[in-house]
Amino acid sequence: MGSSFSSATKPKIFYPPSPEEILVKKPGGGVGPESLSKLVEEHCPSLKKEFNPPWWLNNGHLQTLFSVAGDFTGVDKVVYERTYLRLMDGGTLGLDFTPPGDTSPDDAPIVVVCHGLTGGSYEAYVRAVLAPACAPVSEGGLGYRAVVVNFRGCAGVPVTSKQLYSAGWTEDLRMATIYLAHKYPKAPQLGLGFSLGANVMVRYLAEEGERSRLESACVLGNPWDLVKNNWALEHTFLGKHIYSKGMANNLVNVLKLHSKALEKVDPPTPSATSKYEPDSTQASLVCAAYHAALALRSPPLSVFDNTFTRVGGGGPPDWPLASADAYYKHSSSHHVVPQVRKPLLAINSTDDPVVVHAPTSPEEVGSGYTVVVLTEGGGHLGWFEPSSGIVLIGTDVSKLHVRRWMTKPTLEWLRLAAEVLVHGHPDHPPRAIFVDEGGWIREVNGARQGLGCRAVEIGDLIDGTELKKEPGMLQGL
């Protein structure tokens, strides 16, 4: 894996040695089992088509840097309607729904999106899929609805507790799926994860197994083994000084944007938003980590993670962790894939300068439910290829005539998951949902006593091309 020259090549598809038999809807009616590999062969033909980068984006660095620096405001228009979820631990999530004012059928599929490191619903790689996925069928789209789960502190979401998010914290995605199941009980949920959000999504699938509320997932640019990838990232000049420090700078800026919520420990107050009191010791540790992180000068990612993420990237009982290395070992997703029990498509690039190590054989995956696809080019969440004529004027994508190769196979997978697979597991259904006396939406016999949410604000319309990244933040990662 590296960032060498890329030309037109067909992706490598790694099927499980023993693909699971997946229950599907038969064309003539009824249901029956079908091999996962056969389903992909039949329903995802774009995975076999060449990825052909333009000559001026012919390696992973150029693809990645264009994703960071390109102007994508002229393409893939998506308008969202935001709902803020207050969590029982005091935190807040921002769920961006599209299309706004949704009049879709009750059983219309929902694409549940987890964005990258410090991104959000505005990211061009998110809109590249959601624009066609949520367009009406009459306009050539899939006609689905979607929701982007904006993590705490991202994309304008306020920080209202002494905690952010991380690659290993799955509870916020879990709570979002519970809320969606409560709001749309007849609609199948289909996962779509990018980079850090891909890692979170794979871990969620593994933790939930057959009871996952996500019926399937497609993950792109997943960092998989955080130990190996962080080591590789910080042992090259560009990796350390461009990508690692760039991502760490994004995270420092997130802290600065939410200084009022993180800089001091608030005195205990009556539980207005939760009947579960926050851990004052953990809050003190997060505040101390916040101040230590702001004192850093141009840190690489591992130094930031060792200073803040291992403390404030999650909550009890797992956080705080002893070190950045302990955080990476705890939060990696490569070693939990064998526990995944829902169909999973994972797409990585072999010239990704951020994710240097990805599974390269079926044996490394170790899951009968997982198909891994490796492209020879594409960088980190790039996959840009020519769409028609190329006009080299600035970086406005609408003038450069490029498109993302990954859009079409992702849409094919979503359609397969939504319209062909049989949803739900008869012997292992998701836990029942109830609303308690305080109005909190919760699971019956949930693993965590304090897991619950309620909507606190609904209705803001957001143009995804106008929802700007915060000042000083790099897009596309």
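Helices α7 (residues 237–257) and α10 (301–312) pack at an angle of about 35°, and their axes lie 8 Å apart. The model is a prediction, in which local features need pLDDT of at least 70, side-chain atom pairs count only at pLDDT 80 or more, and totals for chains, interfaces and linings use all residues. Residues are numbered from 1 along each chain as its sequence is written, and side-chain values use heavy atoms, with hydrogens and water left out. Helices (H or I, at least four residues) and strands (E, at least two) are DSSP runs, numbered from the N terminus. Axes are lines fitted to C-alpha atoms, for helices over the stretch in contact, and angles run from 0 to 180 degrees between N-to-C directions.

On the α7 side, Ser244, Met247, Ala248, Leu251, Val252 and Leu255 take part. They meet Leu301, Phe304, Asp305 and Phe308 of α10. Contact here means heavy atoms within 4.5 Å. By class, the α7–α10 contact has eight nonpolar residues, one polar and one charged. Ala, Val, Leu, Ile, Met, Phe, Trp, Tyr, Cys and Pro count as nonpolar; Asp, Glu, Lys and Arg count as charged; the others, Gly among them, count as polar.

Helices α6 (226–233) and α11 (324–331) form another pair. Their axes come within 8 Å and cross at roughly 130°. The angle therefore makes α6 oblique to α11. Angles under 35 degrees count as roughly parallel, over 145 as roughly antiparallel, 65 to 115 as roughly perpendicular, and the rest as oblique. Leu226, Val227 and Asn230 of α6 make the contact with Asp325, Tyr328, Lys329 and Ser331 of α11. Three of the contact residues are nonpolar, two polar and two charged.

The four helices α6, α7, α10 and α11 each supply at least two residues to the lining of the largest cavity. α10 gives the most, with five residues. The cavity holds about 390 Å³ of space. Its lining comprises 27 residues, and Leu117, Leu196, Leu226, Leu301 and Asp305 lie nearest the centre. The lining divides into 19 nonpolar, seven polar and one charged. In total, the structure holds four cavities of 30 Å³ or more. On a 1 Å grid over the protein atoms alone, a cavity is a set of points where a 1.4 Å probe fits but cannot get out; a pocket is an open set with protein on both sides within 12 Å along at least five of seven lines; lining residues have an atom within 4 Å of a point. Grid points are joined across faces, edges and corners, and a volume is the space filled by probe spheres set on the points.

The second largest pocket contains about 440 Å³ of space. It is lined by 20 residues, of which Glu385, Arg403, Arg404, Trp405 and Thr407 lie nearest its centre. Two or more lining residues come from each of α3 (124–133), β12 (384–386), β13 (402–404) and α14 (407–419). The lining of this pocket has 10 nonpolar, three polar and seven charged residues.

Helices α4 (171–183) and α5 (196–208) pack at about 70°, with axes 9 Å apart. That angle makes α4 roughly perpendicular to α5. From α4, the contact draws on Leu173, Arg174 and Thr177. From α5 come Val200, Met201, Tyr204, Glu207 and Glu208. Four of the residues in this contact are nonpolar, one is polar and three are charged.

Backbone geometry was also examined. Most residues other than glycine have a negative phi, and most peptide bonds are trans. The bond from threonine 98 to proline 99 is cis, with omega near 0°. Proline 99 sits in the loop between β5 (92–98) and β6 (110–114). Tryptophan 319 and proline 320 are likewise joined by a cis peptide bond, with omega about 5°. Proline 320 is in the loop between α10 and α11. Alanine 155 has a positive phi, near 55°. Alanine 155 lies in the loop between β7 (145–150) and α4.
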